[in-house]
Amino acid sequence: MLGDPDKVIYRALTSTERFTVLQGGEVDLLSRNTTWTAARDNSLGLTFPGGVTFYDGEGFLVKKSLGVSSLSELDGATVCITSGSTHELNMQDYFGAHGMSYQPVTAETPDVLVSAFDGGRCDVLTSDASQLAGLRTHLADPEGAEILPERISKEPLAPMVRRGDEDWGKVVSWTLYAMLNAEELGVTSENVDQMRDQPPNPDIARLLGQDGNFGEQLGLSNDWAYNIVKLVGNYAEVYERTVGEQSPLGIPRGVNALWNAGGIQYAPPVR
């Protein structure tokens with residue numbers, strides 16, 4: 001839409017302020033580890049326009065010295081949790097259902113939680129597993145901590161916009177869909193020029209603006225998807241450099257692989 005990824009202004013937000021800032025119009029798009037839930041979609045004057053950028057689940061980070069290998073061993077543990085997050089409710093539900101107790105230590109920002117965990121104020125740090133992978137890199141001894149294998153929730157992470165602006169919401173959704181479709185069709189930032197100039201099949205021709213007027217339907221130019229892939233890459237390229245094997249986090253694709261590669265990522269077709 002802007003034609004230049006450097007024109008985007010990024011603003012870091014805490015879990016407690018993120019919705020208020022979007023509601024007030026201080027930002028146009030909330031794109032972070034925000035879980036798509038019914039209450040958030042229906043009661044805040046905001047909406048998830050469509051598309052999940054990352055399928056996640058709440059996990060637990062523990063120090064290896066604790067000698068814990070399973071969630072069932074955390075009865076009575078002190079747990080660091082981000083306040084204002086879905087993790088607080090998930091913990092209450094899961095531990096209550098399994099007859100387990102815990103002592104919460106809450107904070108608004110991840111850096112405070114990392115300090116508390118590093119300083120021994122809590123036995124466990126809980127969050128989305130993807131965020132735990134990032135927080136682990138900020139520990140004094142990253143190799144001395146590990147993420148337990150269990151996940152206690154579904155955390156579909158998705159972008160949010162203000163309700164009532166459907167045109168903007170469509171652009172946000174189809175930006176993600178374009179990247180997913182590009183990966184499925186084998187279109188990358190390296191070959192997108194060739195694919196546009198000599199489309200090997202009708203699906204690629206439609207995606208890259210050589211057939212149809214799908215960009216115009218969004219209020220954009222017909223080369224909208226070409227611009228996305230050319231400037232930032234397809235979904236796989238973005239994933240690998242930000243959270244995947246090429247990044248410090250090293251998170252495997254897992255369920256975030258495409259539907260035809262063992263995962264559940266799936267985009268509506270451009271047709």
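M1, L2, V8 and Y10 form a nonpolar patch on the surface, and their accessible area together is about 480 Å². The model is predicted: local features need pLDDT of at least 70 and side-chain atom pairs count only at pLDDT 80 or more, while totals for chains, interfaces and linings use all residues. Residues are numbered from 1 along each chain as its sequence is written, and side-chain values use heavy atoms, with hydrogens and water left out.

- Patches consist of residues with over 30% relative accessible area and no salt bridge, in which like charges are joined within 9 Å and nonpolar side chains (Val, Leu, Ile, Met, Phe, Trp, Tyr) within 5 Å.
- A salt bridge is a side-chain nitrogen of Lys or Arg within 4 Å of a carboxyl oxygen of Asp or Glu, and accessible areas come from the Shrake-Rupley method with a 1.4 Å probe, where for residues only the protein chains shown count as cover.
- Y10, a member of the patch, lies in the segment before α1 (18–23); helices (H or I, at least four residues) and strands (E, at least two) are DSSP runs, numbered from the N terminus.
- Y10 counts as exposed because its relative accessibility is 73%; the classes are buried under 20% relative accessible area, exposed over 50%, and partly exposed in between (1.4 Å probe, protein chains only).
- D4 is also placed in the segment before α1 and is partly exposed, with a relative accessible area of 30%.
- The C-alpha atoms of D4 and E183 are separated by 21 Å, and these residues are 179 residues apart along the chain.

**Helix α4**

- In helix α4 (residues 110–118), the buried residues are L113, V114, A116 and F117.
- These buried residues fall within an arc of 165° when seen down the axis of α4, so they line one face of the helix; the arc is that of the directions from the helix axis to the C-beta atoms.
- Elements that cover the buried residues of α4 include β3 (58–63), β4 (77–82), β5 (102–107), β6 (124–128), α5 (129–136) and β7 (145–147).
- Just after α4, G120 adopts a positive phi of about 85°.

**Disulfide**

- The structure holds one disulfide, a term for a pair of cysteine sulfur atoms within 2.5 Å.
- The disulfide joins C80 to C122, with an S to S distance of 2.1 Å.
- The pair links distant parts of the chain, 42 residues apart: C80 is in strand β4 and C122 is in the loop between α4 and β6.
- The disulfide is left-handed, because the torsion about the S-S bond of C80 and C122 is about -100°.
- C80 is buried, with a relative accessible area of 0%, and C122 is buried at 5%.

- The buried residues of α11 are Y235, A236, Y239 and E240.
- Viewed down the axis of α11, its buried residues fall within an arc of 120°, so they line one face of the helix.
- The cover over the buried residues of α11 includes β2 (54–56) and α6 (166–185).
- N256 is found in the segment after α11 (235–242) and is buried, with a relative accessible area of 2%.
- Not counting residues up to four places away in sequence, N256 touches T53, F54, Y55, Y235, Y239 and Q265, where contact means heavy atoms within 4.5 Å.

**Helix α3**

- T86 is placed in helix α3 (residues 86–97) and counts as buried at 13% relative accessibility.
- T86 touches T35, T37, R40, E58 and E155, not counting residues up to four places away in sequence.
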